[in-house]
Amino acid sequence: MGHTIAIAGKGGTGKTTISGLIIRLIKDKKLGSVLGVDADPNSNLGEALGMKPQETISGILDAVAASPDKIPAGMTKDRFIEYQVQTIIEEGEGFDLLTMGRPEGPGCYCFVNNVLKNIMARLLADYKFVVIDNEAGLEHLSRKTQASLDRLIVVSDPSSAGLRAAKRISDLTRELKLKVKSKLLIINRQDKEIDKNRIKDLGLEYIGDVPEDKGIMDLSIKNDPVFKLKKNSPALSVLTGLLDKII
């Protein structure tokens, strides 16, 4: 059974970069097969990993909703969607990527919940690590397409708005009754240890700060993937030290 790591946080806190760096560390340290799942509708994880997703799960769902007659005779809708999703997993160098995308068509996708559960169950059997980059609203997880998580990593910057969003995410996991073994907090772009009073009531285990890193800013400007970040970069060095807690 694969080890599931979900990353969430308010937009702009750097959670997608952190997600990409965690995937890079698992790959670089040869810890086992890893699948990145981009479950944020903004779909930036592929870009962070140097890939341009060609197809998304939402695109498959939209196509099936628009043209149900394209389902081959003798194949159920659920099985057809499962098959299609398995074909859009993209292979990178030492990792794979699956992109959820943003639904564009009308209608409710409730009928795919069980299908997605089955897909995730198969993926967890196929990969040692599944790293899921979520939006702050935990839309993907709120569908309960994932039975449980080994780690939920909430990324916040030191701002009050970021910390409020972190608390909402923590509260949401309880409201949704998600099974999470560990709920962790990383403060991003913080060069000194945060005042513990600011984070004591978030319902998250604070594991450390990732400092402001000029190398990451340069990646963003050049639109380069996280694999271009130097091994001695401050952010990568700190995340390397936190890896045992993350995985």
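**Opening question**

Is Glu 193 exposed or buried? Glu 193 has a relative accessible area of 54%, which lies over the 50% cut-off, and therefore counts as exposed. The model described here is a predicted one. The report turns next to the salt bridge of this residue, and then to a strand, a helix, and a pair of rings.

**Salt bridges**

Glu 193 forms a salt bridge with Lys 196, and the closest N and O atoms of the two are 2.1 Å apart. Lys 196 is partly exposed, with a relative accessible area of 41%. Side chains of opposite charge can pair when their charged atoms come close. In this structure the count of salt bridges comes to 10.

Another of these pairs is found in helix H1, which covers residues 15-28. There Arg 24 forms a salt bridge with Asp 28, with 3.0 Å between the closest N and O atoms. Both residues belong to helix H1 and stand 4 residues apart, about one turn of the helix.

Asp 133 has 0% relative accessibility and so counts as buried. Lys 15, at 5% relative accessibility, counts as buried as well.

Which residues are linked with Lys 15 in a network of salt bridges? The network consists of Lys 15, Asp 40 and Asp 133.

E5 pairs with two strands named here. With E1 the pairing is in the parallel sense, over 5 bridges, and Ile 7 has Asp 133 as its bridge partner in E5. Strand E2 (residues 34-39) also runs parallel to E5, and 6 bridges join the two. Asp 133 is again the partner in E5 for Asp 38.

**Helix H7**

Helix H7 comprises 16 residues, 160-175. At 1.5 Å a residue the helix should span 22 Å, and its end C-alpha atoms are 22 Å apart, which agrees. The buried residues of H7 are Gly 162, Leu 163, Ala 165, Ala 166, Ile 169, Ser 170 and Thr 173. These residues cover an arc of only 160° around the axis, which puts them on the same side of H7. What covers them includes strand E1 (3-8), strand E6 (148-156) and strand E7 (179-188). The face turned away from the buried side carries the exposed residues Arg 164, Arg 168 and Glu 175.

The stretches on either side of the helix can also be described. Ser 159 is found in the loop between E6 and H7, and is partly exposed, with a relative accessible area of 31%. Ser 159 and Gln 190 are 31 residues apart in sequence, and their C-alpha atoms are 10.0 Å apart in space. H7 is followed by Lys 177, which has a positive phi, near 55°.

**The aromatic pair**

How many aromatic pairs does a search of the whole structure find? The search finds 1. The rings of Phe 95 and Phe 227 have centres 5.4 Å apart and planes at 20°, so the pair is stacked. The two residues link distant parts of the chain, 132 residues apart. Phe 95 sits in the loop between strand E3 (90-91) and strand E4 (96-99), while Phe 227 sits in the loop between helix H8 (214-222) and helix H9 (234-246). Phe 95 is buried, with a relative accessible area of 5%, whereas Phe 227 counts as partly exposed at 26% relative accessibility.

Methods:
Residues numbered from 1 in each chain as written. Predicted model: local features only at pLDDT ≥ 70, side-chain atom pairs only at ≥ 80, totals over all residues. Heavy atoms only, no water. Expected span 1.5 Å × (residues − 1). Buried < 20%, exposed > 50% of the residue type's maximum accessible area, 1.4 Å probe, protein only. Arc of directions from axis to C-beta. Contact = heavy atoms within 4.5 Å. Salt bridge = Lys/Arg side-chain N within 4 Å of Asp/Glu carboxyl O. Phe/Tyr/Trp six-rings, centres within 6.5 Å; stacked < 30°, edge-to-face > 60°. Pairing = 2+ DSSP bridges.
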